[in-house]
Amino acid sequence: MTAAPHVVTPLLWEEDLPGGSHWSGVLRRGVALRLIAQDDDANVAALFYSREQPLERYNMADTLKAQHTAHLTTGCVCYSDMGRILCSVVADTCGWHDPLCGLTDPDSIAARYGVTRFQEERNSRYVSGREAMLVELGKFGLGERDLVANINFFSKVVVDDGGHMRRDAGFARAGQHVELRFEMDTLVLLHAGPHPLDTATPYAPAGVRLEARRASPVAADDPCRMRCPENARGFVNTERLYL
Amino acid sequence: MNDTVVPAGEPWMGVVRRGQLLRIVDLEGNQAVDTLFYNADDTHEHYSAQNTIQSQGRIYLTTGSVLLSNRGQPMLRIQDDTCGRHDTLGGACSSESNTVRYALEKRYMHSCRDSFLLALARRGHGLTKRDLPSNINFFMNVPVTPEGGLRFADGISAAGRHVELVALMDTLVLISNCPQLNNPCNAYNPTPIRVITRESA
């Protein structure tokens with residue numbers, strides 16, 4: 001739950017992502033992106049692709065099994081399918097981020113919150129996670145085939161001994177943040193929409209503030225590198241790409 | 001109809017028409033069977049681990065589980081299962097993830113993703129690495145704890161146990177009979193499986 005001992009420069013840029021909206025951009029190796037929840041019960045769906053070769057992308061299974069975890073927090077890293085680290089979780093005041101549950105789709109949004117159209121609702125129209133990601137993917141020549149398993153930041157989903165999943169409603173609080181240090185030039189897709197297991201109505205997803213800073217170089221004793229021997233090897237694989 | 005013994009470390013591809021049955025038999029016990037499903041008529045539609053577990057509210061698969069596509073459509077339903085639990089989270093081993101999980105020099109061992117890629121290259125269908133989402137591991141035991149831990153545990157399958165699915169759409173099946181030697185997913189001894197497709201009774 002404590003912040004990792006990484007040092008960052010003053011702000012490079014900041015952006016307020018309103019609740020319900022989506023965003024994409026490139027975060028270069030060595031830049032840290034802080035996501036700050038602007039209200040309680042936030043959820044931010046996220047996907048990561050190599051900027052250099054987007055066929056290399058975040059891989060849920062490799063991330064979970066390399067680190068023997070079913071949740072992400074400080075010290076964890078996000079693996080690509082090529083054995084490299086796209087980004088590291090260097091700070092986290094929330095404590096648990098869900099890598100399991102995926103995105104909402106138009107049917108699940110309509111079933112929970114009702115059908116909305118731009119014609120009547122203007123920019124208050126509800127956008128599902130799947131639509132949000134397909135739009136942002138399309139801007140980079142990517143599409144449905146590239147829509148892999150995503151992370152849901154700020155959401156805690158507990159799995160019981162029988163494998164049943166339960167979302168911890170109200171877990172994340174306004175002002176909490178998670179900070180990702182990018183280890184590769186990365187295409188980042190975000191959607192500040194409801195978690196797929198969020199049963200609260202009406203539709204009122206929290207916004208998220210984005211703050212980018214330059215991170216200090218990854219030290220030999222970096223907590224993400226030292227978390228497990230697997231991560232040490234993941235950093236070796238990643239550093240070889242940038243020699 | 002098809003009745004094939006797939007040796008350890010080999011891929012298998014085939015089509016199961018809507019209403020037909022697909023049975024996978026763990027012939028010698030504790031053999032991970034990495035499996036993906038595609039809509040045979042539009043292969044951009046494929047099995048989605050996250051949609052499936054989200055829909056059933058449970059991370060394990062067993063009798064009654066409906067496998068959903070990336071478009072939220074039902075693809076197959078498990079109608080018989082003498083193992084009891086199948087994995088949705090562990091994905092496929094690859095030469096690259098082997099370097100992370102075990103040692104940098106493990107890159108040169110056989111892996112499921114290599115088998116998947118070779119099968120796709122041989123059979124075509126226009127499928128590439130882009131079309132390899134997170135797969136099912138039949139007969140594999142990857143328990144998650146309430147504290148959020150995950151591990152590859154000793155298998156709960158045994159010789160002769162099987163899982164049988166009924167296709168709810170025309171489905172292209174891609175299997176890698178896992179060659180992994182570094183963890184207990186195959187009891188450190190990969191073994192053959194039997195794949196049977198047939199009309200439902």
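In which sense do strand 3 of chain A and strand 10 of chain A pair, and over how many bridges? I looked it up: the two run antiparallel, with five bridges between strand 3 and strand 10 (residues 177-182) of chain A. One of the pairs to click on is A:A32, whose bridge partner in strand 10 of chain A is A:R181.

**Entry: confidence**

I checked the scores before going further. Chain A has an average pLDDT of 96, and 98% of its residues score at least 70. Within chain A, helix 3 has the lowest confidence, with a mean of 91, and strand 5 has the highest, at 99. A reminder for myself: where pLDDT is low, predicted coordinates should not be read in detail.

Next I followed strand 3 of chain A to its other partner. Strand 3 and strand 12 of chain A are antiparallel too, joined over seven bridges. On that side I found A:A37 opposite A:V208 of strand 12 of chain A. Then I looked at A:V208 from the other direction: A:V208 is also the bridge partner of A:L17. Strand 1 and strand 12 of chain A pair over five bridges, in the antiparallel sense.

I then wrote down the whole sheet. It is open, has six strands of chain A in the order 1-12-3-10-6-5, and its pairing is antiparallel. Strand 1 (13-17) and strand 5 (77-79) of chain A are the edge strands, each pairing on one side only. Ignoring direction, neighbouring strands here are turned by 20° against each other on average.

Is strand 3 of chain A largely enclosed or left open? I counted five buried residues out of the seven in strand 3 (residues 31-37) of chain A, so the rest of the structure largely encloses this strand.

**Entry: the four-stranded sheet**

Chain A has another open sheet on my list, with four strands in the order 2-11-4-7 and antiparallel pairing. Strand 2 (22-27) and strand 7 (151-153) of chain A sit at its edges; each has a single partner strand, so one side of each has no neighbour in the sheet. The twist from one strand to the next averages 30°. Helix 4 of chain A packs on this sheet, where it touches strands 2, 4 and 11 of chain A, and its direction makes about 150° with that of strand 11 of chain A.

I zoomed in on strand 4 (residues 44-50) of chain A, which is joined to strand 7 of chain A by three bridges, running antiparallel. A:V44 has A:F153 as its bridge partner in strand 7 of chain A.

**Entry: the core**

Which residues touch the most other members of the largest nonpolar core? They are A:V44, A:A46 and A:F48, in a core of 115 residues. I listed contacts for A:A46, skipping neighbours within four places in sequence: A:N150, A:I151, A:F153, A:V188, A:L189 and A:L190.

**Entry: where the chains meet**

I moved on to the two chains. In this model, 40 residues of chain A contact 34 residues of chain B. Helix 1 (60-67), strand 8 (157-159) and helix 6 (229-241) of chain A each supply at least two residues of chain A's side. Helix 1 of chain A gives the most, six residues. By type, the chain A side divides into 19 nonpolar, 10 polar and 11 charged residues.

Then I looked at helix 1 (residues 49-56) of chain B. Seven of its eight residues are buried, so this helix is largely enclosed by the rest of the structure. Those buried residues pack against strand 9 (165-167) of chain A together with strand 5 (66-68) of chain B. After helix 1 of chain B comes B:G57, with a positive phi near 65°.

I flagged one cis peptide bond, from A:T201 to A:P202, with omega near -5°. A:P202 is in the loop between strand 11 (186-191) and strand 12 (208-214) of chain A.

I also noted two non-glycine residues with positive phi: A:R122 at about 50°, and B:N30 at about 55°. A:R122 lies in the loop between helix 3 (118-121) and helix 4 (129-138) of chain A, while B:N30 is in the loop between strand 3 (20-26) and strand 4 (33-39) of chain B. Buried or exposed? A:R122 has 9 C-beta neighbours inside 10 Å and so counts as exposed, whereas B:N30 has 24 and so counts as buried.

Definitions and conventions. Residues are numbered from 1 along each chain as its sequence is written. Chains are lettered from A and ligands numbered from 1 in the order in which they are written. This is a predicted model: local features need pLDDT of at least 70, side-chain atom pairs count only at pLDDT 80 or more; totals for chains, interfaces and linings use all residues. A residue is buried if 20 or more other C-beta atoms lie within 10 Å of its own, exposed if 12 or fewer, and partly exposed in between; C-beta atoms are placed from the backbone. Two residues are in contact if their C-beta atoms, placed from the backbone, lie within 7 Å. Ala, Val, Leu, Ile, Met, Phe, Trp, Tyr, Cys and Pro count as nonpolar, Asp, Glu, Lys and Arg as charged, and the others, Gly among them, as polar. Two strands pair if DSSP finds at least two bridges between them. Axes are lines fitted to C-alpha atoms, for helices over the stretch in contact, and angles run from 0 to 180 degrees between N-to-C directions. pLDDT is the predictor's confidence in each residue, from 0 to 100. A nonpolar core is a set of buried Ala, Val, Leu, Ile, Met, Phe, Trp, Tyr and Cys residues joined through C-beta atoms within 7 Å.
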